[in-house]
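Subject: Structure for you to look over

Dear colleague,

Please read them with the model open beside you.

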Amino acid sequence: LLDLAKAHTNRGAVLSQMNRWQEAKQAHEQALKVLSTTRDMRMYAATHCNLSDVCRHLGDLEAALRLAEESLKLAVALDLHFEEALAHLNLGEALLESGQPRQARTEHLETAQRMLDERGITYLRPEVERGVAETLLQEGELEQAERSARKAITQAEALQSGSDEGIGLRVLAAIQRAQGLVSDAEGTLQRGIELLRLSGPKFELAQADLEMARLVLGDPARQEQAGFVLKEARSIFEEAGAQLALRAVDALEAQLAASRGNQRS
């Protein structure tokens, strides 16, 4: 039974990397069903974390928060340090998506940072630091956000994780855009896109496309480029079933249509 559960969990992880999030959700749910008949509570907690992350990508933030809270309770009760840090990361990311950046940072992401530091765990550090950078960006603390984003990139480089580095560069570009450094932001983002095209995952490439659209949307000479990257992002998000991300595409496409209409008039 435990091997069967591991097979479902591994399949879910692979499907996530393939941008097939709805199928990944079903695989993790199957794993949980099997795990409920075993005594491996570590894997049960970890699979809750995996399913929480999948639900967040699908745009079901209520389920993402509930599953992360359940996994956190299990991890604390069982004294599972990695799983506890992962649960805090998932809660922080879901709260960030829900528009609660301060709570995400102070209650969960900074807690995850401390736990990783205390236990000498390196694997999650770029993702947690990147989350902190995004919360600080939403809070308007741009100098601190930049420091966290650059730290996340350095951590990703140390782990030789091209995908984490690419995502970190996308976050740094968003911060530079907020700072008014549009040329710097575009150069940073281009490097991130190159890495993501090589390393994936496709979902994160589409997020970088959204950031590129935000950068070039105001330039009348580059609206064709904005339309192209939004089309690519829509295709990837539709394949994944990522509803929140598709709403972001809708909003940017509406801005683009309005801009084109103003030019014609």
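A residue is called buried here when its relative accessible area is under 20%, exposed when that area is over 50%, and partly exposed in between, with a 1.4 Å probe and protein chains only. Please keep in mind that this is a predicted model, in which local features need pLDDT of at least 70 and side-chain atom pairs count only at pLDDT 80 or more, while totals for chains, interfaces and linings use all residues. Residues are numbered from 1 along each chain as its sequence is written, and side-chain values use heavy atoms, with hydrogens and water left out.

Ser52 is found in helix α3, and it counts as buried because its relative accessibility is 1%. If residues up to four places away in sequence are not counted, Ser52 touches Ala64, Leu67, Ala68 and Asn90, contact being taken as heavy atoms within 4.5 Å. Leu172 belongs to helix α9 and is likewise buried, with a relative accessible area of 2%. Once its neighbours within four places in sequence are left aside, Leu172 is in contact with Glu146, Ala149, Arg150, Ile153 and Thr188, and its C-alpha atom is separated by 9.5 Å from that of Ala152, which is 20 residues apart along the chain. Helix α9 also holds Gln176, which counts as buried at 5% relative accessibility and which, with neighbours within four places in sequence left aside, is in contact with Arg150, Leu181, Asp184, Ala185 and Thr188.

Next come two helix pairs. The axes of helix α2 (residues 21–35) and helix α3 (residues 41–58) come within 9 Å and cross at roughly 155°, where axes are lines fitted to C-alpha atoms, for helices over the stretch in contact, and angles run from 0 to 180 degrees between N-to-C directions. The two helices α2 and α3 are therefore roughly antiparallel to each other, given that angles over 145 degrees count as roughly antiparallel, under 35 as roughly parallel, 65 to 115 as roughly perpendicular and the rest as oblique. Their crossing is left-handed, a term used if the near helix is turned anticlockwise from the far one by less than a right angle, with right-handed used if clockwise. In this contact, residues of α2 including Trp21, His28 and Leu35 meet residues of α3 that include Met43, Leu51 and Leu58. By class, the contact of α2 with α3 has 11 nonpolar, six polar and three charged residues, with Ala, Val, Leu, Ile, Met, Phe, Trp, Tyr, Cys and Pro counted as nonpolar, Asp, Glu, Lys and Arg as charged, and the others, Gly among them, as polar.

For α4 and α5, the packing angle is about 160° and the axes are 8 Å apart, and these helices are therefore roughly antiparallel to each other. The crossing of α4 and α5 is left-handed, and its residues in contact include Leu61, Leu65 and Leu72 in α4, with Ala87, Leu91 and Leu95 among those in α5. The residues of the contact of α4 with α5 divide into 11 nonpolar, three polar and four charged.

The largest nonpolar core has 36 residues, and those with the most contacts inside it are Cys55, Leu89, Leu116, Leu124, Val128, Ala149 and Ile175; such a core is a set of buried Ala, Val, Leu, Ile, Met, Phe, Trp, Tyr and Cys residues joined through side-chain atoms within 4.5 Å. Among the elements that give two or more residues to this core are α3, α6 (101–119) and α9 (162–178), while α5 gives the most, with eight residues.

Finally, some backbone details. Most residues other than glycine have a negative phi, and most peptide bonds are trans. The peptide bond from Gly200 to Pro201 is cis, with omega near -5°, and Pro201 lies in the loop between α10 (182–199) and α11 (202–216). Asp79, in the loop between α4 and α5, has a positive phi near 60°. Gln160 has a positive phi of about 55° although it is not a glycine; Gln160 sits in the loop between α8 and α9 and counts as exposed at 75% relative accessibility.

With best wishes

Note on methods. Helices (H or I, at least four residues) and strands (E, at least two) are DSSP runs, numbered from the N terminus.
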